[in-house]
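Biologist: Hi! I'm new to this one, could you show it to me and walk me through it?

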Amino acid sequence: MRSVMKDILDVATSKSSTYQQKLFNMANVAERLVDPREVLGYTDEEMMYIENDMICDLNEGYVPYRPRYIVPDYYVLLSKGCKFLKLDPPTDLDELLDSLLILYSHVPSITSFPVFIGDLDKLMEPFISDEKTDYIKIKRFLNHIDKTIVDSFCHADIGPEKTRAGELILKAIVELENPTPNMTIRYDKDITPRDFALMAAEACLRVSKPSFSNNKKYENEMGDHRIVSCYNALPHGGGAYTLPRLRLGTIVKGVKSLDELLNHRLPKVTNAMATMMDKRVSFIVEKSNFFETSFLVKEGFISRENFSAMFGVVGLADAVNYILKLEGSEEKFGTSKRGDEIGHSILNVVDCIASKHEAVYCERTNNRYLLHAQVGANLSEEDKDNTPAHRITVGDEPILPIHIKQAAPFHEYFTSGTGDLFALDQTYLDHVDAVLDIIQGSFASGARYITTYLHNTDLVRVTGYLVKKSEVMQVGNGEPVLRDTELMGFGTNSNAHVFERRVRKDGK
Amino acid sequence: MLTYLREELEKMENKAVINKIIPFSNVDGPGNRVAIFFQGCNANCIYCHNHETINMCTTCLICVKKCPVGAITFINGKVNYDEKKCIECDTCIKICPNSSSPRTKEYTVEELFEIIQEYKLFISGITVSGGEATLRADFITELFKKVKTLGLTSFVDTNGFFNKNDLSNLIQVTDKFMVDIKAVSQIKTLCRSSLENNLENLKYLLKLDKVYEVRTVIIEEYMDIENTINVVSNILKDYPEVIYKLIRVHSSGLSQKQKQLMEKHIPSKEYVKELAGKVQKIGVKKVEYIL
């Protein structure tokens with residue numbers, strides 16, 4: 001959406017933003033002041049879909065000068081150091097952690113904070129010597145990240161192998177109870193030892209991280225990848241140029257039949273999003289000079305050839321519920337066989353168009369844009385009608401085993417990431433092996449990514465990112481807070497009631 | 001009562017009356033499990049928390065009249081229950097004079113197996129409980145044989161009161177038992193039935209390496225607490241892998257009548273902890289307590 005001059009004044013005089021948030025917001029307003037028809041060559045039709053909220057560009061702006069998500073290969077730091085920052089390869093844990101913190105502040109992204117901060121366990125493992133003192137250093141390092149990378153889209157990966165560093169990291173995140181960094185264990189039951197997996201599952205219950213990703217499935221489809229930001233699966237040493245999203249719950253409004261949606265309206269909007277993406281990617285690669293100027297490129301942390309772009313989808317449940325109503329059904333998406341059929345028919349249209357479209361500068365992913373189940377990180381009113389991704393609307397969730405079986409087939413479409421979240425009852429803390437059974441069962445059913453957290457923890461996954469409930473409540477009172485994600489958490493909870501997810505006990 | 005129960009059960013032939021199926025249970029053995037609760041019990045313990053699983057329905061029809069939403073009906077000589085209409089207010093269970101429930105269903109082995117198959121990816125195994133599951137040993141033996149083909153484990157939750165010779169086939173196909181030792185010398189006071197063999201059965205199953213855990217609910221006066229703890233601990237000290245779980249009795253959710261019976265007999269938390277200490281001292285490796 002374009003900005004207007006008044007936005008500048010609103011940002012400057014806001015009572016609920018920190019100085020740093022105002023600075024970034026000011027830059028974002030500037031990026032959206034220009035007309036994308038002039039700068040990027042958007043057609044009137046493409047622009048119309050942004051203005052009528054059918055396509056949301058997540059405020060990326062119309063002069064994109066860096067890829068949205070950057071996934072550096074931090075192992076380069078271990079082997080070569082960084083010339084631009086005059087850092088030698090680290091020789092001990094202190095040097096490593098210090099160099100990483102320095103490097104993080106130079107990794108761009110849509111939020112200006114790094115969305116990927118490395119395989120923390122494997123980066124640290126060669127330098128672990130004394131677990132007692134190393135633990136103190138690791139904990140301090142993680143706390144430093146929480147207070148300086150004030151955006152919980154910042155994501156660290158661990159696993160699939162067990163390491164001493166991995167265990168120390170898990171111990172530290174449980175003690176710290178910080179929202180940042182977000183974290184994933186790339187889990188493979190054939191590689192990850194059971195005791196390490198159980199330790200991760202327990203941490204996930206207590207502090208909502210690490211989430212579990214189906215590493216075997218992602219490795220097969222994406223090759224060398226990392227989980228970044230919310231739960232985006234992207235090429236390692238590259239990233240994603242852009243992520244706009246189709247608001248299915250908005251697109252559906254006013255159609256007279258499923259046929260009209262599938263054969264007329266949806267293909268038009270979907271095609272428009274694909275061509276819009278071409279224009280954005282071309283600008284970043286051909287005009288912004290990002291790849292010509294960034295030291296990350298020159299020194300091998302990333303390469304242009306490892307980038308792709310993400311084709312986002314949100315609000316499937318709302319689109320399906322709209323059609324169900326049109327067909328005279330009282331059923332709801334999540335507990336309706338017909339609803340699932342409609343859902344798959346909608347995603348098939350999107351999938352078909354995305355897989356036929358010749359993407360630009362995406363050789364790493366066979367010149368295709370990758371479907372992504374976007375969860376909503378936007379304060380727009382329109383998001384009230386767009387349930388995150390393909391998820392079941394909060395309040396309509398069936399019992400747990402049915403829920404997982406309903407969700408897993410929808411995970412299939414989303415090569416660049418999706419995930420489901422389950423709030424579990426307190427009893428699971430004494431029975432973490434039962435949680436692992438649920439996760440393994442989900443993966444065996446084809447699911448890509450699962451988070452399980454205790455329903456009564458303060459640290460909660462809103463959609464993909466983490467917030468503290470207590471801090472989100474501060475936003476409700478109009479007070480400034482450290483992280484922009486807390487503002488989003490407030491908006492998303494108001495829209496989607498994510499703090500009231502069904503609490504699971506006995507599989508219900 | 002027991003003769004009546006057996007007759008009823010035999011009438012069912014190849015079907016079993018199931019009180020409840022919990023698709024994902026995390027408290028009935030290791031991992032996530034499908035827990036199946038069989039209707040019918042040979043005991044009637046003072047503190048029973050599943051009172052509605054004790055007897056078969058006698059079609060007295062009291063619940064049909066009292067259901068506030070009309071979910072229970074009497075058709076063709078049978079009490080029927082409409083799951084969709086039920087609001088789970090538990091009125092039917094509370095007013096049943098016979099410790100039974102209209103919310104049971106009959107299943108064949110094949111039908112239960114189909115349900116288990118639906119959940120097989122998400123579970124470590126199944127656990128049969130009750131009531132007293134061993135009353136349907138033949139049925140469960142068939143079920144377990146089929147469950148084995150899915151690579152899942154099969155557990156039996158039992159009160160320990162059975163004739164082991166009748167159960168040889170079931171024992172063979174069962175991976176582990178979870179055994180209650182309710183009391184040693186005061187069984188009749190506590191369980192209000194003349195039952196025996198629980199210790200003998202426990203020792204037998206232990207020798208076969210078929211015990212996952214042993215549990216004793218602690219209630220004062222109705223049972224010989226110290227004696228029970230002592231005897232069980234001395235047996236279990238030679239089996240370091242077996243859990244001994246002490247459970248402090250509680251009366252929440254029980255009927256007024258049951259509450260009155262238990263009122264002055266709930267032990268203090270400290271006492272249960274103290275008992276756990278004694279168990280440990282005798283040499284039991286895995287001691288747990290629930291307060």
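Modeller: Happy to; we can go through the chains, a few helices and some strands. One thing to keep in mind is that this is a predicted model.

Biologist: Thanks! Let's begin where the chains meet: how many residues of chain A are in contact with chain B?

Modeller: There are 15 residues of chain A in contact with 14 residues of chain B. On the chain A side, α18 (400–411) and α19 (432–444) each supply at least two residues.

Biologist: And which element of chain A gives the most to that side?

Modeller: That's α19(A), with six residues. Sorted by class, the side of chain A that touches chain B has seven nonpolar, five polar and three charged residues.

Biologist: Now chain B by itself. How many helices and strands are there?

Modeller: Chain B has 11 helices and 11 strands. Its C-alpha trace spans about 60 × 45 × 35 Å along the principal axes.

Biologist: How does its radius of gyration sit with what a compact globule would have?

Modeller: It agrees, because a compact globule of 291 residues would have a radius of gyration near 19 Å, and chain B has 19 Å. Of those 291 residues, 42% count as buried. Taking contacts in chain B with a separation of 6 or more, 70% are between residues 24 or more positions apart.

Biologist: Which domains is chain B divided into?

Modeller: Domain 1 covers 2–56 + 104–290, and domain 2 covers 62–95. The centres of these two domains of chain B, taken over C-alpha atoms, are separated by 28 Å.

Biologist: Back to chain A, please. Is helix α16 mostly covered or mostly open?

Modeller: Mostly covered: eight of the 11 residues in α16(A), which runs over 316–326, are buried. Among them are Leu316(A), Val320(A), Tyr322(A) and Ile323(A), and Asp318(A) and Asn321(A) are buried too.

Biologist: What covers the buried residues there?

Modeller: The cover includes α12 (248–251), α13 (258–287), β12 (310–314) and α17 (337–356) of chain A. Just after α16(A) comes Gly328(A), with a positive phi of about 80 degrees.

Biologist: I also spotted Phe290(A). Is it buried or exposed?

Modeller: Phe290(A) is buried, because 20 other C-beta atoms lie within 10 Å, and 20 or more is what counts as buried. Its place is in helix α14 (residues 290–293) of chain A.

Biologist: So which residues is Phe290(A) in contact with, leaving aside neighbours within four places in sequence?

Modeller: Those are Tyr65(A), Arg66(A) and Ile284(A). Leu248(A), on the other hand, is 42 residues from Phe290(A) in sequence and 33 Å from it in space, C-alpha to C-alpha.

Biologist: Let's switch to strands. What is the order in the open sheet of three strands?

Modeller: The order is β2-β9-β11 in chain A, with mixed pairing. β2 (69–71) and β11 (307–308) stand at the edges with a single partner strand each, so one side of each has no neighbour in the sheet. β9(A), residues 238–240, runs parallel to β11(A), and two bridges join them. Gly239(A) is opposite Phe307(A) there.

Biologist: And how do β7(A) and β8(A) run, parallel or antiparallel?

Modeller: They run antiparallel, joined by four bridges. The two form a hairpin with three residues between them, and Ser229(A) in the turn has a positive phi of about 55 degrees. Val228(A) has Asn232(A) in β8(A) as its bridge partner.

Biologist: Which residues of β7(A) are buried on each face?

Modeller: His225(A) and Ile227(A) are buried on one side, and Arg226(A) and Val228(A) on the other, leaving both faces covered.

Note on methods
Residues numbered from 1 in each chain as written. Chains lettered and ligands numbered in written order. Predicted model: local features only at pLDDT ≥ 70, side-chain atom pairs only at ≥ 80, totals over all residues. Contact = placed C-beta atoms within 7 Å. Nonpolar A, V, L, I, M, F, W, Y, C, P; charged D, E, K, R; others polar. Rg over C-alpha atoms; globule rule 2.2 N^0.38 Å. Buried ≥ 20, exposed ≤ 12 C-beta atoms within 10 Å, placed from the backbone. Domains from an automatic or database assignment. Pairing = 2+ DSSP bridges.
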